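Biologist: Before we discuss the packing of this chain, please show the sequence and the structure.

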Amino acid sequence: RVGRLVGTFSAWARFTATRAIPRITETQRTDLLAQLNAMADDLGSVESLQPKMRAFLLTLDRIADNLVVRLIRNDLQAQFVERMLLLHPRPSLKPESLKALVAGMRLGVENGDGEGVAAALDIHFLSMRALVAQALTST
């Protein structure tokens, strides 16, 4: 069930990125890039990066401006966090994977490429899904 939730959250993030990035203004691009730059100090673990990733995704969500997707996101996010906190040991990606995620998102934002941001998020969530599956089989 957690794996499906990760997959659904990934689909939401993909949709939001591909809808938001082509619409961004230069001010919004600057804000998104500043958020990505601020993530540099938190690439040691998913736990430390999570609040800034959440803020980044919420910014994309506001830019995409889709009420139905926003309502779905609110429910998904609550379930996602709740389920992830129940996993022991908690899955965590290596810093190199997190650096690649941020670099891929930065490139997409810089180039106005929503698919590029979505591809970086896809890789991230596929990795998380694999780690969740591994954590579930080891408990």
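Modeller: Helices here are DSSP runs of H or I with at least four residues, and strands are runs of E with at least two, numbered from the N terminus. The model is predicted.

Biologist: How many helices are there in the chain?

Modeller: Along the sequence, the pattern reads α-α-α-α-α-α. The chain has zero strands, and its number of helices is six.

Biologist: What share of the residues in the chain is buried?

Modeller: A residue counts as buried under 20% relative accessible area. The chain has 139 residues, and the buried share of them is 44%.

Biologist: Which residues is F56 in contact with, leaving aside neighbours within four places in sequence?

Modeller: F56 is among the residues with the most contacts inside the largest nonpolar core. Leaving aside neighbours within four places in sequence, the contacts of F56 are L32, Q35, L36, M39, M105 and V109.

Biologist: Are α2 and α3 roughly parallel or roughly antiparallel to each other?

Modeller: The axes of α2 and α3 lie 9 Å apart, and the packing angle is about 165°. Angles over 145 degrees count as roughly antiparallel. The relation of α2 to α3 is therefore roughly antiparallel.

Biologist: How many residues of the contact of α2 with α3 are nonpolar?

Modeller: The crossing of these two helices, α2 and α3, is left-handed. From α2, the residues Q28, D31, L32, Q35, L36 and A38 meet K52, A55, F56, T59, L60 and I63 of α3. Three residues of this contact are polar and two are charged, while the number of nonpolar ones is seven.

Biologist: Are α3 and α5 roughly parallel or roughly antiparallel to each other?

Modeller: Between α3 and α5 the angle is about 15°, with the axes 12 Å apart. Angles under 35 degrees count as roughly parallel. The orientation of α3 and α5 is therefore roughly parallel.

Biologist: How many residues of the contact of α3 with α5 are nonpolar?

Modeller: α3 passes α5 in a left-handed crossing. V46, L49, M53 and F56 of α3 meet L98, L101, M105 and V109 of α5. This contact has no polar and no charged residues, and its nonpolar residues number eight.

Biologist: How many residues of the contact of α2 with α5 are charged?

Modeller: α2 and α5 pack at about 165° with axes 10 Å apart, which makes α2 roughly antiparallel to α5. Their crossing is left-handed. R29, L32, L33, L36 and N37 in α2 meet V102, M105, R106, V109, E110 and N111 in α5. The residues divide into six nonpolar and two polar, and the charged ones number three.

Biologist: Is D61 buried or exposed?

Modeller: D61 lies in helix α3. W12 is 49 residues away from D61 in sequence, with the two C-alpha atoms 9.5 Å apart. Because the relative accessibility of D61 is 2%, D61 counts as buried.

Biologist: Which residues does S10 touch, not counting those up to four places away in sequence?

Modeller: S10 belongs to helix α1. Its relative accessible area is 12%, so S10 is buried. Not counting residues up to four places away in sequence, S10 touches D122 and F125.

Biologist: Is T30 buried or exposed?

Modeller: T30 is placed in helix α2. Its C-alpha atom is separated by 9.2 Å from that of V109, 79 residues apart along the chain. Exposed means over 50% relative accessible area. At 52% relative accessibility, T30 is therefore exposed.

Conventions:
Residues are numbered from 1 along each chain as its sequence is written. This is a predicted model: local features need pLDDT of at least 70, side-chain atom pairs count only at pLDDT 80 or more; totals for chains, interfaces and linings use all residues. Side-chain values use heavy atoms; hydrogens and water are left out. A nonpolar core is a set of buried Ala, Val, Leu, Ile, Met, Phe, Trp, Tyr and Cys residues joined through side-chain atoms within 4.5 Å. Buried means under 20% relative accessible area, exposed over 50%, partly exposed in between (1.4 Å probe, protein chains only). Contact means heavy atoms within 4.5 Å. Axes are lines fitted to C-alpha atoms, for helices over the stretch in contact, and angles run from 0 to 180 degrees between N-to-C directions. Angles under 35 degrees count as roughly parallel, over 145 as roughly antiparallel, 65 to 115 as roughly perpendicular and the rest as oblique. A crossing is left-handed if the near helix is turned anticlockwise from the far one by less than a right angle, and right-handed if clockwise. Ala, Val, Leu, Ile, Met, Phe, Trp, Tyr, Cys and Pro count as nonpolar, Asp, Glu, Lys and Arg as charged, and the others, Gly among them, as polar.
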